[in-house]
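Here is a short briefing for a reader meeting this structure for the first time. Please look through the chain before reading on.

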Amino acid sequence: MKGQINRQLITIKGLSMINLKNSTRRFMPPILSLTILLSLSATTLNADEGYNPEALKSGRVDPSMHLQQGSTQAQAQKINEVIYKATGFGNTFMVVTDEGNVIIDTSLPGMAPKHKSLLNAVDDGPVHSIIITHGHGDHTGGVALWREPQTKVIAQENMVEFLRYQKRLKGLFIQRNSAQFGFDLTSLTSSSASESAGVNMLPNTLFDKSLNFTLGNEKFEVLHTPAETYDALTVWMPEYKAAFVGDLFYRSFPNIYTLRGTKPRWALDYIASIDRVLALGPEILLPSHGEPILGNENITAEMTRYRDAIQYVHDKTVVGMNEGRDVYSLMREIKLPAALDVGEAYGWVSWSVRGIYEGYMGWFDGDPVNMYAESPRSIYPDLVSLAGGAKQVISLAEQHLSEGDSVKALLLIEAAMAAEPNNPAVLAKRLEILTALRQASANLNESGWLNHGIKQTEQKLKKSQKVL
Ligand SMILES: [Zn+2]
C-alpha cells in the first residue's frame, strides 16, 4: 500500500468507503483501569454470540458484553487511503506511511493480538510510533505487543504520573473494577499479563502542549487535550482534517465522575479541549470508542451539542452551589434539556453533578455532624430497634416500593441490614429491590453495580439460609 497514495482521492473517495452501519447512537464503553484489562481472554472476546449493538443500546445487558465489540470483524476498516481501524472495546488505528507506520491507541491486552493481525494484513511495515491518547488500560493494552526496538511511544507528559497513580491504588482499583465490570477477582490478581502493561510500558517520547512530526509524506500534530484524564491528547492530521480524539467524545453524556473511582475530572477541561478540536475544522472524527463521524457539519453538530450539555450541567451545578443548595438536591434536579439530551447510556448526569460539586469542594458538606469519624450508618441498628425491628422496617420499605420509590426502599433495607445482617427476609427484600432496579436500568455502569449488589446479596442469602 505504501508509496502509492493518491491524495486527491483520499478525502472524497476515502470517506465513502467507511462502513456507517453502526454509526447510530450506541453504547460507548466504560473506562477501565489497566488492572481490569489484564484478565480479558481471547475466548471472551470471540464468543459465538458476537457483539450485539441492538442489545447494547438498551443498556440492559451485562457490562462484560461490551468487551465483544469487534469480535466478528474480519478485516480492518479503511477510513481513507492511509488510515485504518481495528474495532474493539477500544479501537486501534494505524496510519500507513512510506517511512513506517503510526499506531494510535492499542486497545485491551485481550484484543490487541487480533487488532495487530487485522492491521498487519493491510501493511506490516515497521512501527515508527505508537501514540497513546491517555493512560487508561483500554488504550495501553497492546503497547508491548506493537512496540519494536526503534519505536517511539508518544504520550503527553502527565501520563507518567497518571500511570503511577493507577499503580499506587492498584489494590482498590482491582476490587472496584471487578465489581463494576463483573469480573472474577481471582482472575484479575493472578493475571500474569499485568507485567506487560501499565507502568512497565512507560512512554519514551513525552511532550507538554504539542508535538509535531512528519513521517513519509504524512504530517502529525499531537495536541494536549485534557478531559477525562489530565494526560489526554488528540492526534491531528491536517492533510485529511482527521482528528483522533481518544475519549474526548462519546455518544452519551460522559463520565465526569466514574463509579469505580477517579480523581476529579474537570468539566471545563472537556469544554476547552472540544473547542480546540472544533477550531481545527475536522472532516473525520475518530474516537477510540465507537464509529467515526464524517463531515464537518455532522462533527460540529454532535460535538457542539455534547460540549453544551457538559457546560449546562457544570453551570447549573455551580449556580446551585453558590445558592447553598445541597448536592443531593442538585443531583435530583439537574436534567438535560431536550435539545442537549445526548443520552445517559454510559455517563449519568446526576453522578457528574456530584463529581463537579465534590471536585470543587471536596467531601465536607458544612454540617458539623459530618466532621467526625462516625458514619451515619452506625446508628442504623438503634433506629431499627426503635422502629420495632427489621420486620417493621421491611414493611415500610414495601410501602415505598409500592409507591414506586425503590431507592428509599433500598435505604430502609440498608438500615435493616445494619441491624440484622443475616436475616433472610431482609436479604430477600434487598435482592428484590436490586433486581427491580436492574431491570429498569438503561445505564451500563449502574447496571454493573446493581449486578454486583445482586450477586453479593444472593451469596449472603444462600449462606443465611444454610445457617437456618
Ligand atoms: Zn477508553
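Which residues in H5 are buried? They are Ala 112, Lys 114, His 115, Lys 116, Leu 118 and Leu 119. A residue is buried if 20 or more other C-beta atoms lie within 10 Å of its own, exposed if 12 or fewer, and partly exposed in between, with C-beta atoms placed from the backbone. This is a predicted model: local features need pLDDT of at least 70, side-chain atom pairs count only at pLDDT 80 or more, and totals for chains, interfaces and linings use all residues. Residues are numbered from 1 along each chain as its sequence is written.

**Overall make-up**

- The chain has 19 helices and 13 strands. Helices (H or I, at least four residues) and strands (E, at least two) are DSSP runs, numbered from the N terminus.
- The chain has 468 residues, and 46% of them count as buried.
- Take the contacts between residues at least 6 apart in sequence: 70% of these join residues at least 24 apart. Two residues are in contact if their C-beta atoms, placed from the backbone, lie within 7 Å.

**Cover over H5**

- Several elements cover the buried residues of H5. They include strand E2 (83-86), strand E3 (92-95), E4 and helix H7 (143-146).

**Nonpolar cores**

- A nonpolar core is a set of buried Ala, Val, Leu, Ile, Met, Phe, Trp, Tyr and Cys residues joined through C-beta atoms within 7 Å.
- The largest such core has 76 residues. Ile 130, Val 235 and Leu 286 have the most contacts inside it.
- Helix H12 (residues 296-322) gives the most to this core, with six residues.
- A second, separate core has 17 residues, including Leu 412, Ile 413, Ile 433 and Leu 434.
- Leaving out residues up to four places away in sequence, Val 235 touches Ile 104, Ile 131, Phe 220, Val 222 and Phe 244.

**Two helix pairs**

- Two packed helices are described by the angle between their axes and the distance between the axes. Axes are lines fitted to C-alpha atoms, for helices over the stretch in contact, and angles run from 0 to 180 degrees between N-to-C directions.
- The axes of helix H11 (residues 267-279) and H12 come within 9 Å and cross at roughly 160°. That makes H11 roughly antiparallel to H12. Angles under 35 degrees count as roughly parallel, over 145 as roughly antiparallel, 65 to 115 as roughly perpendicular and the rest as oblique.
- From H11, Ala 267, Leu 268, Tyr 270, Ile 271, Ile 274 and Leu 278 take part. They meet Thr 300, Met 303, Tyr 306, Arg 307, Ile 310, Gln 311 and His 314 in H12.
- By class, this contact of H11 with H12 has nine nonpolar, three polar and one charged residues. Ala, Val, Leu, Ile, Met, Phe, Trp, Tyr, Cys and Pro count as nonpolar, Asp, Glu, Lys and Arg as charged, and the others, Gly among them, as polar.
- Helix H16 (residues 390-402) and helix H17 (residues 406-419) pack at an angle of about 170°, with their axes 8 Å apart. H16 and H17 are therefore roughly antiparallel to each other.
- H16 brings residues including Ala 390, Val 393 and Ile 394 to the contact. Among those from H17 are Leu 412 and Ile 413.
- The contact of H16 with H17 divides into twelve nonpolar, two polar and one charged residues.

**Positive phi**

- Most residues other than glycine have a negative phi.
- Asp 105 is not a glycine, yet has a positive phi of about 65°. Its place is in strand E4 (residues 101-106). Asp 105 is buried, with 31 other C-beta atoms within 10 Å.
- Ser 107 also has a positive phi, near 65°. This residue sits in the loop between E4 and helix H5 (112-122). Ser 107 counts as buried, with 29 C-beta neighbours inside 10 Å.

**Two loop aspartates**

- Asp 231 is in the loop between strand E9 (218-224) and strand E10 (233-237). Asp 231 is buried, with 24 other C-beta atoms within 10 Å.
- Asp 231 and Phe 162 are 69 residues apart along the chain, and their C-alpha atoms are separated by 7.3 Å.
- Asp 208 is in the loop between strand E7 (205-207) and strand E8 (210-215). Asp 208 counts as exposed, with 9 C-beta neighbours inside 10 Å.
- Not counting residues up to four places away in sequence, Asp 208 touches Glu 157 and His 224.
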